[in-house]
Amino acid sequence: ANPTQGPNPPPKKQHQASPLRELQQIRFCTMTLVKQIRFAVPAAAAIGAAAWGGNLALLGLAPVAVALWASRTRRTAAWLVMLAYYMAVARGLPIGAAKFFGGDWAALFAVSLWLGASLALSLPWALLWSAQRTGYYWRIPVAVILCVIPPIGLVGWGNPVLAAGVFFPAMGWGGVIAMALALVAIAYAPWRTGMALAACGLAGLMFTATPAAPEWIEAKDTSYGGAGDGGRDFMRDFAANQQMIAIAMQSKAPYMLFPETVAGLWTDATADLWAEAAEELKRTGRTVLVGAEIPIDGTNTTKNALVYVGAEQGQLQQRIPVPVSMWRPWADSGTVADVMGHGVGQLNGLRAAVFVCYEQLLAWPALLSMAAQPQLLVGAANDYWAADTSIPHIQNMTLRAWSRAFSVPVVQAVNF
């Protein structure tokens, strides 16, 4: 040892946070999060419920949810805002799904579907949020796209881009792009963007007319009920077919549209039941479109389609049936899907895009259809299981929004 040096200094103690300090930090973070969500989360839920309630004008509120998301300073708060928004949009799902499936476990299963789908839709927004509010020019479009395309797009309801039908009517793809840019702008300058969108919406109401449904096709709503997931009611299907045949024979319309699956299974027996009416329809140059499940030979699966009866022959097939209850990719039964299909066929010499029930709620099949440049939108639904929920109103509004955005007339029929 060096005798000129004093004793070695004691080693410096590393700073350790006291339990009290840790508790103070936890309390601070918790209080900050509470301040971030106590108004924003209920507001997002209110926006989701109001924007997706059947009133097309109120759909214009949907972009405000993006503004709330962008203004949060915590990722958890931003995620909870979008989770509340999507849960409010799909608020009818737990009640409707519980009625469809029935049984003691149905309510729990329905809530699980509702929460699971909402979690999936809110996930891209949680991952793409930025604490510095930077990069939203690419983050928001990516979040929107992830919520449109499969797999998340298979439950992709409530997409705020559909507000293009309110703010940019008759602009087609230009309106969709403008709406996506508006979502970016509202994240940076919510008040100025909101006022600009309000002006666009007012101008659209004043100068753009909603396309009128064609007079040559008659859409007939029905009240035949349904059997849910408990099996088929063949007597109900037989009675429903007889009633539809009588209605079709009394009508003078060149074309008639009935709702989804009201004919039940389209077997040889069903075709025979319609045979006499089909001959009369051919003789008079008329065609009926009736919803039915078409068995696929050699399998236990079916197609959910609108079957042409009469002068024209053909089918318009549903592309995305309801996952789990109808479409079961893991099983050798259920309803087949065509996730990449555009759903466009010929009807009275026009390109007609079909939207059957569940796919009316989704942006993915709608955008695929619009890419095929349809001249008519045909909606058919069987909403007996959702009659007491918001779902039928949202389906109707969504079709009208696409119709207005792309200036394509729409005709639709629903069974309750």
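Predicted model: local features only at pLDDT ≥ 70, side-chain atom pairs only at ≥ 80, totals over all residues.

User: How do I read a pocket, and what volume does the largest pocket have?

Analyst: Rolling a probe the size of a water molecule over the atoms shows where empty space is left. On a 1 Å grid over the protein atoms alone, a pocket is an open set of points with protein on both sides within 12 Å along at least five of seven lines, a cavity is a set where a 1.4 Å probe fits but cannot get out, and lining residues have an atom within 4 Å of a point. Points are joined across faces, edges and corners, and a volume is the space filled by probe spheres set on them. Here the largest pocket comes to about 1000 Å³. It has 50 lining residues, and F100, V322, S325, M326 and Y384 are the closest to its centre.

User: Which element gives the most to that lining?

Analyst: Helix 5, with 4 residues. Helices (H or I, at least four residues) and strands (E, at least two) are DSSP runs, numbered from the N terminus. By class, the lining has 23 nonpolar, 18 polar and 9 charged residues. In this scheme Ala, Val, Leu, Ile, Met, Phe, Trp, Tyr, Cys and Pro are nonpolar, Asp, Glu, Lys and Arg are charged, and the others, Gly among them, are polar.

User: What about the second largest pocket?

Analyst: That one has a volume of about 250 Å³. Among its 17 lining residues, A57, G60, V166, F167 and G201 are the closest to the centre. Helix 10 supplies the largest share, 6 residues, and the classes are 12 nonpolar, 4 polar and 1 charged.

User: Now the cores. Which residues touch the most other members of the largest nonpolar core?

Analyst: A nonpolar core is a set of buried Ala, Val, Leu, Ile, Met, Phe, Trp, Tyr and Cys residues joined through side-chain atoms within 4.5 Å. Buried means under 20% relative accessible area, exposed over 50%, and partly exposed in between (1.4 Å probe, protein chains only). This core has 88 residues, and W52, W69, Y85, W125, I140 and W157 touch the most other members. Helix 14 gives the most to it, 8 residues. A second, separate core has 21 residues, among them A240 and W274.

User: And which strands pair with strand 3?

Analyst: Two strands pair if DSSP finds at least two bridges between them. Strand 2 pairs with strand 3 in the parallel sense over 3 bridges, with L257 opposite L289. Strand 3 and strand 4 run antiparallel, joined by 9 bridges, and A292 stands opposite A305. Their hairpin has 4 residues between the strands, and G298 takes a positive phi near 80°.

User: Why is strand 3 described as largely enclosed?

Analyst: Because 8 of its 9 residues are buried, strand 3 is largely enclosed by the rest of the structure.

Definitions and conventions: Residues numbered from 1 in each chain as written. Heavy atoms only, no water.
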